[in-house]
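Hello,

Here is the structure I promised to pass on to you. Please have a look at it, and read on below for what turned up.

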Amino acid sequence: MAIKPIPNESELIKQVACGSERAFTKLFDAYYMQLGEYVVRLTESVELAEEIVQDVFIKIWTKKECLTEIDNFSYYLFIISRNQTYNFLRKKANERVRQLAWEKQFEEEIYELDQVSTEESYRILIDKAINKLPPQQQKVYLLSRNERLKYEEIATVLNISAETVKKHMKLALRSIKNSISLENNDVIVLILLTPLIFK
């Protein structure tokens, strides 16, 4: 798979390395769907692809200071996405094998809090924030996020206008972001709240 570099990529990378959230958002917007389509082909799952690509961008953001050492960012992005996908699939396969063994032996799976990754911690926070939403906002958000319905489709399902759906979605996203946004974590929240919806 070839990822077409964006024209001002090198300048954006320098800005990201210096901590520019605006520059990172431009890189994210330019490559998110391209990588998503590639990973979907490998995993055959939009949900898994979304999680993998989000993890890739979180790693890039958290190690942004090292970006200036990369000569070909789009190729680097492709390689780490591919590696992350293979590692993720390998991990999932190993987890499944272990889980089956545990079930056979009637053992319970135990997770220690300090083993929970940053990404998993944020996902837990997002789930808690969703549960606190007003019923209608929660329905709209879940239909968009989990069922991947467009605003017009959600409007039909809930028998409300598309404009009302848009309003509920905006309020839901703002509420979720406010619930979990901490200092310097806005970029991670942006990544985790951006769904893969192919046209």
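Let me start with K64, which is buried at a relative accessible area of 15%; buried means under 20%, exposed over 50%, and partly exposed in between, with a 1.4 Å probe and protein chains only. You will find K64 in the loop between α3 (46-62) and α4 (73-104). Leaving aside residues up to four places away in sequence, K64 touches V16, A17 and G19, where a contact means heavy atoms within 4.5 Å.

A word on the ground rules: this is a predicted model, in which local features need pLDDT of at least 70 and side-chain atom pairs count only at pLDDT 80 or more, while totals for chains, interfaces and linings use all residues. Residues are numbered from 1 along each chain as its sequence is written, and side-chain values use heavy atoms, with hydrogens and water left out.

Now the whole chain. Its secondary structure consists of nine helices and zero strands; helices are DSSP runs of H or I with at least four residues, strands are runs of E with at least two, and numbering goes from the N terminus. Of the 199 residues, 38% are buried. Among contacts with a separation of 6 or more, 70% are between residues 24 or more positions apart.

Finally, the cysteines. C18 is exposed at 73% relative accessibility, and C66 is partly exposed at 41%. The disulfide count is zero, taking a disulfide as a pair of cysteine sulfur atoms within 2.5 Å.

Best wishes
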